[in-house]
Amino acid sequence: MSKRDTTIGHAVAAATCTLLGTAAPALAEDEAARWDFDTALLYYGEDNDRVRDLSASILARRDFDDDRYLNLDLTVDSLTGASPSGAIAMDGPQTFTSPSGNDVYETAAGQVPLDDTFLDTRFALDVGWTQPFARLYTMTAGLGFSTEYDYTHLGANLGVTRDFNRRNTTVSAAVAYAQEDIDPVGGTPLPLALMQDVGDDSSKAGTDTKDVLDLLLGVTQVIGPSTVLRVNYSYSDSSGYLTDPYKILSVVDPVTGDTIERAPASGALGPTGVYRYEARPDSRRKQGLYAEVKHDFTGKVLGVSYRFGTDDWGIDSHTLDARLRWPIGEFNYVEPHLRYYTQNAADFYRFSLLDGDPLPSFASADARLADLDGVTLGLKYGHRTVSGSEWNARVELYQQSGNVPGGQLIGNQSRRAVFPDLDAVIVQIGYRFKL
Amino acid sequence: MAATSRSVDLAREDGFWVSRFRAMAGPCEVLIETLDATEARVVAERVADCAWRIEDKYSRYRRGNVVDEINTADGRVITVDEETAKLLDFAATLHDLSDGLFDVTSGVLCRAWTFDGGTRVPTQAEIDVLLPLVGWDKVQWSRPKLRLLPGMQLDFGGIGKEYAVDQAVQLARNICGRAALVNFGGDLAVSRSRADGRPWRVGIEDSAVRARAASRVLELRHGALATSGDTHRFVLADGTRYSHILDPRSGWPVRDAPRSVTVAAATCTQAGMLTTLAVLVGNDAERFLEAESVPHWVLRH
């Protein structure tokens with residue numbers, strides 16, 4: 001070329017842009033997006049003015065070179081509303097000393113008693129670091145901190161994954177340890193102590209702690225071009241203060257099933273019935289087996305999972321979950337979701353305590369430790385933008401019903417409200433983007 | 001290639017979904033950095049459709065396509081579609097920029113040369129017969145009307161594959177937020193940098209290098225790579241190795257052409273043009289690429 005003295009690269013680039021109909025792309029060396037954000041705003045609301053939770057979360061991932069990531073997960077929750085205290089409904093109104101010990105609250109006749117002093121803001125931060133440490137090995141280490149009014153959690157975790165079989169098989173193992181400080185409003189009640197009048201703190205101690213050790217073993221296997229299987233085994237060992245300091249049991253007449261009445265000391269405010277604070281064992285060992293299959297039916301992805309959980313409190317649980325991601329065009333998808341959960345009651349679950357019987361070692365009337373079934377039905381819609389960001393919105397309805405184990409309902413109890421069935425709605429809006 | 005072999009294989013390999021298919025007389029692959037098989041399949045199928053569409057439209061071995069229409073026009077004026085017009089504008093620009101070295105009408109010279117590793121070298125008389133049919137300056141191109149002299153042939157072989165890579169990678173970028181690498185027989189481009197910011201690692205196809213059990217692995221974060229060379233196609237006669245790169249002005253292979261040239265550029269078409277021109281300037285390939293200040297790898301011997 002006689003024009004060799006003058007370079008033609010720019011002219012070739014310009015001609016190429018005309019041909020391809022694109023703006024001249026720069027050959028920048030290091031403009032890669034480094035931050036990945038996954039943000040969500042979630043509302044959870046139970047019917048009849050029970051628990052409401054508004055939570056905002058930001059999951060951020062910073063990518064460093066050589067497969068190293070920093071993960072930051074920040075969540076702020078605001079909980080309001082009332083939750084069942086564990087006491088039973090009565091034909092007349094009932095008065096309770098509030099957890100603080102400074103006041104009383106009333107429950108109307110025929111209503112399941114709710115503790116409506118429930119109000120809290122939770123702040124949680126998790127920091128994690130992931131990096132390869134040998135060929136095919138990746139390790140993750142993390143620290144977690146969360147705090148709310150009566151509770152502080154501090155945790156650490158360490159995990160290792162190894163790829164096999166041309167990265168079609170991944171085996172992972174993780175261990176996590178957490179310590180939690182519990183400082184309930186008004187102090188931790190003594191096990192099965194009687195609820196006292198306002199101003200009498202003889203049933204309360206100070207603060208307490210618990211330790212939780214979690215182990216997880218998992219295998220992820222790519223079975224074919226369209227199918228991935230994941231199997232996990234989990235083991236969790238909690239020890240320390242595992243009782244819910246705000247839950248109580250009604251002490252009832254063994255024949256009528258009615259709460260034994262009492263009167264506050266003269267001039268004092270206090271409970272109108274006999275109630276005892278609950279007591280749970282100071283250790284709990286849980287095991288879980290989880291299996292999930294995801295299959296791609298040429299465009300539509302079905303994910304089905306099953307989890308079996310069992311623990312030494314006598315609770316066995318089964319969870320069946322199915323989601324189907326259905327693309328609509330190239331940028332949108334809908335994802336119906338169905339989940340079914342069932343568990344049986346803990347060994348020490350008691351609907352009420354019988355007056356005159358010797359006190360058991362452990363007892364709780366917490367509905368979450370009873371027989372219960374829950375069904376979740378949901379739909380998610382997602383829209384992906386050309387730049388790779390994603391908007392999504394999810395609406396789910398949750399319905400839970402509980403049963404008192406056979407023989408625990410006495411006399412009048414069976415004609416009154418036992419467990420209010422729970423209906424809840426979950427609405428979530430999410431946005432994922434890169435910077 | 002028969003239409004029946006047009007299928008896309010999708011497999012999970014080394015953390016990517018990898019799709020393989022054949023197009024433009026060679027193996028093609030797409031690497032998609034996602035766990036989502038659905039997403040991978042959508043990208044893979046659209047990219048393959050794109051390659052096959054361009055192959056069908058611009059292969060000079062197909063009957064009934066626009067190239068066939070042009071090459072059988074026998075001196076008549078042909079009105080071409082917008083995409084073909086853009087390619088012809090591009091060919092005209094490159095012909096001008098390269099002082100006639102890059103020429104989409106040089107394909108008829110292959111009637112004299114058969115680069116099958118054999119030993120037959122044509123006579124000058126055989127070449128002289130063909131030269132009047134070679135030269136973009138003999139073409140009447142007034143968008144969108146094209147007129148070739150009777151007997152002239154148009155061949156987009158020097159642009160088509162790189163153009164297809166750029167079209168395919170643009171498509172992948174539009175339909176998928178994930179990083180993807182499109183590789184059509186060694187000419188390749190990436191849709192975006194990988195999620196973790198690491199570069200794509202690309203081995204350059206080169207039999208001579210492979211024979212030495214070494215490999216040239218390049219790191220690519222953005223843009224494209226194209227490779228030209230006579231690695232596989234040559235004539236060996238009287239101890240002289242004639243490359244398949246013909247100088248359209250003389251009808252003879254370019255002397256001292258590098259065995260292979262690889263260039264990195266923002267687009268595959270751009271990289272492809274620079275590699276083609278570098279090979280065409282023969283002995284001056286390195287100097288040419290240095291002057292253009294593009295990342296390049298030249299292999300001789």
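In the predicted model, β17(A) and strand β19 (residues 371-384) of chain A run antiparallel and are joined by twelve bridges. Within this pairing, A:H337 lies opposite A:G378 of β19(A). β17(A), residues 332-343, also pairs with strand β16 (residues 316-328) of chain A. A:W326 has A:V334 of β17(A) as its bridge partner. Three residues separate β16(A) and β17(A) in their hairpin. There, A:G329 adopts a positive phi near 70°.

Chain A also contains an open sheet of three strands, ordered β13-β12-β18, with mixed pairing. The edges are taken by β13 (275-277) and β18 (353-354) of chain A. Each has a single partner strand, so one side of each lacks a neighbour in the sheet. Strand β12 (residues 248-252) of chain A pairs with β18(A) in the parallel sense, over two bridges. A:V252 is placed opposite A:L354 of β18(A).

The contact between the chains draws 43 residues from chain A and 47 residues from chain B. On the chain B side, at least two residues each come from β1 (9-13), α1 (37-58), α3 (82-97), α5 (157-175), α7 (268-280) and α8 (285-292). α3(B) gives the largest share, seven residues. By type, the side of chain B that touches chain A comprises 20 nonpolar, 14 polar and 13 charged residues.

One of the contributing helices, α5(B), has 19 residues. Its first and last C-alpha are 28 Å apart, close to the 27 Å expected at 1.5 Å a residue. Of the 19 residues of α5(B), 15 are buried, so the helix is largely enclosed by the rest of the structure.

The largest nonpolar core has 94 residues. Those with the most contacts inside it are B:V43, B:V47, B:A51, B:V165, B:A180, B:V182 and B:A224. α1(B) supplies the largest share of this core, ten residues. Both domain 1 (3-59 + 162-299) and domain 2 (66-157) of chain B give residues to the core, so it lies between them. Leaving aside neighbours within four places in sequence, B:V43 is in contact with B:V30, B:I32, B:A172, B:I175, B:C176 and B:A180. A second, separate core has 28 residues. Among them are A:M90, A:W313, A:F351 and A:A365.

Key:
Residues are numbered from 1 along each chain as its sequence is written. Chains are lettered from A and ligands numbered from 1 in the order in which they are written. This is a predicted model: local features need pLDDT of at least 70, side-chain atom pairs count only at pLDDT 80 or more; totals for chains, interfaces and linings use all residues. Two residues are in contact if their C-beta atoms, placed from the backbone, lie within 7 Å. Helices (H or I, at least four residues) and strands (E, at least two) are DSSP runs, numbered from the N terminus. Ala, Val, Leu, Ile, Met, Phe, Trp, Tyr, Cys and Pro count as nonpolar, Asp, Glu, Lys and Arg as charged, and the others, Gly among them, as polar. The expected span of a helix is 1.5 Å times one less than its number of residues. A residue is buried if 20 or more other C-beta atoms lie within 10 Å of its own, exposed if 12 or fewer, and partly exposed in between; C-beta atoms are placed from the backbone. A nonpolar core is a set of buried Ala, Val, Leu, Ile, Met, Phe, Trp, Tyr and Cys residues joined through C-beta atoms within 7 Å. Domain bounds come from an automatic or database domain assignment. Two strands pair if DSSP finds at least two bridges between them.
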